[in-house]
Amino acid sequence: MSNFDIETVRSQFPALSEDQVFFDNAGGSQTLGTVIEAIRDYLSRTNVQLGATYKTGKLSTERYDAGFAAGARYVNAEESEIVFGPSTTQLLRNVSFTLDFSEGDEIVVSSIDHEANIGPWEDLAARQKLVLKWWKPSLTTDTTTHPNPQLHPTNLTPLLSSRTRLVTCTHASNILGTIHPIAALVAAVRNGPSPNALFVVDGVSYAPHRPIDVRALGVDVYAFSWYKVYGPHVAMLYAGPRAQGQMRSLGHFFKNGVNLEEKIGLAGASYELLHSIPAVTTYLSSRSTWAAKIAQEEALQTTLLSYLTSRPDITIYGATTGSSAERVSTISFCVAGWRSDDVVAAIEAATNIGIRWGAFYSDRLVNKLLGLGDDGIVRVSMAHYNSMDEVNAFIDAMKKYVPKKE
């Protein structure tokens, strides 16, 4: 941890100077000052339509193209393989409308995902009369009290057949924080009865915590949102050759549909937001920098989980280990005798700590698989810029304001 200067890191995020502890980072991270400045500069100096030949028009186009190139490099993709849009939800929905399978073909959909990576495929199955197979992991536990459902090749393989055309899952659950072995899951499909089935991954809850290499993962489609990765409110989706070869274009008839942007972009990328992407990738570019960020988060989550597991009245949903190999720093729990909304209200009434409660668009996981009520779970989601002092302050608040009920 000696190479991680928390004060220097925090100084790069203007919002962190406010009197607020941000433990709701899974809902959206704080934004780098360089990103804010890039957006302001684009709107101040180059807010014109792309493709013009006059000086400002050329500069506007160069800035847009530079943002596009930075996004592609960041995930180890070609520029023709990525597209930007308003949200991961929208981009995955767009993809679902480009695919044409045959009646009776099968798709495998994870039941522990955010609805963004479930709804489009359920709708696709209904429209094209496909067989939808739910990928439902068992409620394996670290102990008898901490459910930790995980996606593994062993619970995927039985669902695969010669009719499988698409498999979808999350890289890390926005509730459980568990990291799934995507490369191994892809390998299970490639070695199975339908090796050319598309593998689609929602990386939204993973991307803020780890670098992404779509080539190394072997996925066909991968999507995440930059506003959860210290950047602007825009999403990006990768689709490789296997996927694009099966996608029709949703674009204008006079567009050739030769790249992913022409196929499903639909003018959904704000120019000023793309101009700010290089500021994010510059901040995240170094592998050694990533190692320090990961180590910081591991220390934070280990400390919090150590406290939570010490209380027999608290149930953690997800891995109880603080190991960065197993989870990201999104931690969900319930307190016996307390509604989750009352836990949040008690903490926020007495402190400056911001946390959340609910299902967070993972209703099928929280309400059906985990069997929780309408108040869902309490979620504490940390980022590398959070400090140990903030974690300890939350632990103190839990002790004082959310005591065990007899």
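The legends below describe close-up views of a predicted model.

**View 1. An open sheet of seven strands.** The strands follow the order β2-β8-β7-β6-β5-β3-β4, and their pairing is mixed. At the edges stand β2 (82-85) and β4 (131-135); each has a single partner strand, so one side of each is left without a neighbour in the sheet. From one strand to the next, the twist averages 15 degrees. Strands of a sheet pair through backbone hydrogen bonds, and the pairing is either parallel or antiparallel.

**View 2. The pairing of β7 with β8.** These two strands of the sheet are antiparallel and share five bridges.

View 3. Helix α4 covers residues 88-96. The helix lies across β2, β6 (198-202), β7 and β8. Relative to β8, helix α4 runs at about 30 degrees.

**View 4. Y230, a loop residue with positive phi.** Most residues other than glycine have a negative phi. Y230 is not a glycine, yet its phi is positive, at about 75 degrees. Y230 sits in the loop between β7 (221-225) and β8 (235-239). Is Y230 buried or exposed? Its relative accessibility is 0%, so Y230 counts as buried, the cut-off being under 20%.

**View 5. F360, another loop residue with positive phi.** F360 is also a residue other than glycine, and its phi is positive, near 55 degrees. The loop that holds F360 runs between β12 (356-358) and α15 (363-369). F360 has a relative accessibility of 13% and therefore counts as buried.

**View 6. S340 and the residues it touches.** S340 belongs to helix α14, which spans residues 340-350. With a relative accessible area of 2%, S340 is buried. Which residues does S340 touch, not counting those up to four places away in sequence? They are F333, C334, W357, D375, G376, I377 and V378.

View 7. The structure holds one cavity of 30 Å³ or more. The volume of the largest cavity is about 90 Å³. Of the 13 residues that line the largest cavity, N25, A26, P208, H209 and T330 are the closest to its centre. By residue type, the lining of the largest cavity divides into six nonpolar, six polar and one charged.

Note on methods. Residues are numbered from 1 along each chain as its sequence is written. This is a predicted model: local features need pLDDT of at least 70, side-chain atom pairs count only at pLDDT 80 or more; totals for chains, interfaces and linings use all residues. Side-chain values use heavy atoms; hydrogens and water are left out. Helices (H or I, at least four residues) and strands (E, at least two) are DSSP runs, numbered from the N terminus. Buried means under 20% relative accessible area, exposed over 50%, partly exposed in between (1.4 Å probe, protein chains only). Contact means heavy atoms within 4.5 Å. On a 1 Å grid over the protein atoms alone, a cavity is a set of points where a 1.4 Å probe fits but cannot get out, and a pocket is an open set with protein on both sides within 12 Å along at least five of seven lines; lining residues have an atom within 4 Å of a point. Grid points are joined across faces, edges and corners, and a volume is the space filled by probe spheres set on the points. Ala, Val, Leu, Ile, Met, Phe, Trp, Tyr, Cys and Pro count as nonpolar, Asp, Glu, Lys and Arg as charged, and the others, Gly among them, as polar. Two strands pair if DSSP finds at least two bridges between them. Axes are lines fitted to C-alpha atoms, for helices over the stretch in contact, and angles run from 0 to 180 degrees between N-to-C directions.
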